[in-house]
Amino acid sequence: MLLAIIVMSVSLANADEPEPIPLTMVDVDTTVRAFGAGGDGVSDDTEAIQNAINAGSTAIRLPRGTYRISKPLVVDLDKVGVTSIVGDGTARIMMTGPGPAIRFVGTHQGTASPKTVKSNVWQKERMPLVDGIEIIGTHDEADGIEAVRTMQLTISRVIIRHTRHAIHLVERNRNVILSDCHLYENHGVGVFLDNVDLHQINLSACHVSYNDGGGFVSKGGNVRNIHISGCDLEANVQNVLIDSDGSKYGTAEVAITGCTIQHSGGPGSANVRFIGANPEGERCWGLVTIANNILSDVETNIDIQQARDVIINGNTISSGYKFNLRVEDSMNVVVGPNVLARNPPYRDEDTCDNAVLFRNCNGGTITGLHVHETRRTEAGIMLDACRRFHMTGCTVLDCDNAGLLLKNLEDCQITGNMLRHGTATKEKWQPMIVLGGRETKIAP
């Protein structure tokens, strides 16, 4: 009797759902060689591969070889149907012209909510896939993969080198997954969210390195739900840059967790830089988590500007040529236990200041922060023109000049911190410097 009730409940729940339309069967050899692609790296295979794509509703399989193309391979999903471009790791696409090697074009104008996804997207466009290939550019304006109006774009086990932008997301996309990829030595950006309307993007288990324009960069647009996890981002000058400046909708809901993020230390370089600018009123953009990462060897390791609702916790941070941590013009910032230290084998005593600065911030909690050996700075931790900050349980050791600099604070509470210097007779060193301020409770 109970089984019958359960079966009836399932049937009623699905009674209004339409039957899925069967995908079209296409009786073609899906290897691009069948369409005339040579894969010899000399002949132009653009037309042959495009013909394979246009055949419709098929996996475009690339056997071992180098497939030279001179213009973008366009996958118009509404016309050709669900499409994957796949190899076994031995195939290379060499883009010799301008534009993306592969451009996916969809029609999705909805959100990530199922109610906004039209039936043609589920039937013809869902989850365009690129897997197991290499893309290399030989033209200054060659890109790797571009996507517009797609739903569930998935890129995995792909290497992209010597292009401008490796992965370029424009206009509008939803539910993007990038995993197990190598985006290496491109003269633009590794992953570029270019003024895009995009909710839900996961970057996981990827190496994103030596990209001159940045590793993961989001500029402008309307972006929510960025999750960067388990990646190695190195030597991109701006390894992670999320910049809402000038954007009406901004970027929010960002998690950067479990990554190694480092190098290359040039002017303006940062490991994580979040700019949550808002053109009017109080700060809006934020909801940022930066947790359990290893960050080092740039001008500023973590840089938070004009943001709100940010938590920084559990990171190992070192070798900031100017700043290990800088937070300015922001509100509701929580900084928990992190190690901001100096490791002798890296020999950065003369090159890295490792400063820690909070300036012009409203509402913050700093707890359990460990700061060690800042150099050439006014103090180990500097709070300047901050309001309603609570700082407790921090350890500040062997920093130049002073442990804490508290300047023009309002309605703050600074208590229960350990401020020490290893040389008791060190000249001019002070545990704490207090300048100005009002309505603030201060005790080491």
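Reply: Start with Asn 292. Setting aside neighbours within four places in sequence, Asn 292 is in contact with Gly 258, Cys 259, Asn 313, Gly 314 and Asn 315. Contact means heavy atoms within 4.5 Å. The model is predicted: local features need pLDDT of at least 70, side-chain atom pairs count only at pLDDT 80 or more, and totals for chains, interfaces and linings use all residues. Residues are numbered from 1 along each chain as its sequence is written, and side-chain values use heavy atoms, leaving out hydrogens and water.

Asn 292 sits in the loop between β22 (286-291) and β23 (294-305). Strands here are DSSP runs of E, at least two residues, and helices are runs of H or I, at least four, numbered from the N terminus. Gly 258 is 34 residues away along the chain, yet its C-alpha atom is separated from that of Asn 292 by 5.0 Å. Asn 292 is exposed, with a relative accessible area of 52%. The cut-offs are under 20% for buried, over 50% for exposed and partly exposed in between (1.4 Å probe, protein chains only).

Now the strand. In β7 (residues 129-137), eight of the nine residues are buried. Strand β5 (residues 84-95) pairs with β7 in the parallel sense over eight bridges; pairing takes at least two DSSP bridges between two strands. Met 94 has Ile 136 of β7 as its bridge partner. Strand β9 (residues 154-156) also runs parallel to β7, joined by three bridges. There, Val 130 stands opposite Ile 155. Three bridges join β7 to β10 (residues 159-161), again parallel. Glu 134 stands opposite Ile 159 in β10.
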